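Colleague: Hi, I'm new to this one. Could you show it to me and walk me through it?

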Amino acid sequence: MPSPLITASELDRLRAAGQPHTVVIDCSFDLTAPAAGRDSYQQAHIPGAYYLHLDNELSGPKTGVNGRHPLPDAELFVARLRALGVNDDSLVVGYDAQGGMYAARLWWLLRWVGHAAVAVLDGGKNAWIAAGLPVEQGATPDPEVGGDLTRKASLVRTVDADTLLANLGEPSMLVVDARAADRFGGENETLDPVGGHIPGAVNRFFKNNLTPDGYFKPADQLRAEFGQIIGGKEPAQTVMQCGSGVTACHNLVAMEVAGLTGAALYPGSWSEWCANPDRPVASGA
């Protein structure tokens, strides 16, 4: 199983070799300041990298009941990637300056449209700069000739709110929530109108996947930690969720690093779940 991660030195070697089919995408973002990610990209980014915006390109339109970051239209997403020169044989590398929380969304979306050759830059922009590698300013223009990326059978699984609602009575699936412990418990909720979590869910804060210097923990450590979270469940019996379906992808990357493949994503996550007052809410640890 290929790793979902790539190191700064590995990416630099691909660039130095003139690898024509490596496409680098900056996904930096700030939930509280939506313009900040693009501003950061224009100030300094990996040479040749493009920028994709979480709200506008890595998500679809909001209806008020489908969550804060609903999935984009798959065909429009593929078309946008083609415009960036992505081919069926391209390696796509996503990175950000937030520990991989947004690059993981890009990783999952590409697998969602059937493209397996995608990786998250381990350590993100900080790792690139720490290695003394070059950056450039401004925006990289879209290539004059686009790529030939096609949508293929999905490589990932999703579940919806109705499936999880039916699971509450006799749970066969374990829901793992990637939000911080206080928000999971119903405290300090600033992003969604209701605090709490899906009844029966357990908590795995996505930042616990990282070392203090912002790299993903080793595979054996992640395997042990997720083993404690999911207990006797197989990965395919687990569902990852968060506030809006973004940081849950970080847990999915970490599970992939650990060799625990097959977990599903609830794309609407808490922001969709709590939009319907008929759905039950739990609080506390």
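Predicted model: local features only at pLDDT ≥ 70, side-chain atom pairs only at ≥ 80, totals over all residues.

Colleague: Thanks! What volume does the largest pocket have?

Modeller: The largest pocket has a volume of about 390 Å³. Of its 23 lining residues, L31, M101, R183, L191 and F206 are the closest to the centre. A pocket is an open set of points on a 1 Å grid over the protein atoms alone, with protein on both sides within 12 Å along at least five of seven lines, and lining residues have an atom within 4 Å of a point.

Colleague: And what classes of residue line the largest pocket?

Modeller: Eleven nonpolar, seven polar and five charged residues.

Colleague: How many cavities of 30 Å³ or more are there?

Modeller: One. A cavity is a set of grid points where a 1.4 Å probe fits but cannot get out. The largest cavity holds about 40 Å³ of space, and its lining includes D96, D122, L210 and F216.

Colleague: Switching topic: which way do the residues of β6 point?

Modeller: In β6 (residues 174–177), L174 and V176 point one way and V175 and D177 the other, and all are buried. Buried means under 20% relative accessible area with a 1.4 Å probe, protein chains only. Strands here are DSSP E runs of at least two residues, and helices are H or I runs of at least four.

Colleague: Which strands does β6 join?

Modeller: β6 runs parallel to β8 (residues 238–241), with four bridges between them, and D177 has Q241 as its bridge partner there. β6 is also parallel to β7 (residues 202–203), joined by two bridges, with V176 opposite V202.

Colleague: What about the largest nonpolar core, who touches the most other members?

Modeller: Among its 56 residues, I25, L58, F77, L81, L106, W108 and V253 do. Such a core is a set of buried Ala, Val, Leu, Ile, Met, Phe, Trp, Tyr and Cys residues joined through side-chain atoms within 4.5 Å.

Colleague: Which element gives the largest share?

Modeller: α4, with eight residues. A second, separate core of 14 residues includes F184, W270, W273 and C274.

Conventions: Residues numbered from 1 in each chain as written. Heavy atoms only, no water. Points joined across faces, edges and corners; volume = space filled by probe spheres on them. Nonpolar A, V, L, I, M, F, W, Y, C, P; charged D, E, K, R; others polar. Buried < 20%, exposed > 50% of the residue type's maximum accessible area, 1.4 Å probe, protein only. Pairing = 2+ DSSP bridges.
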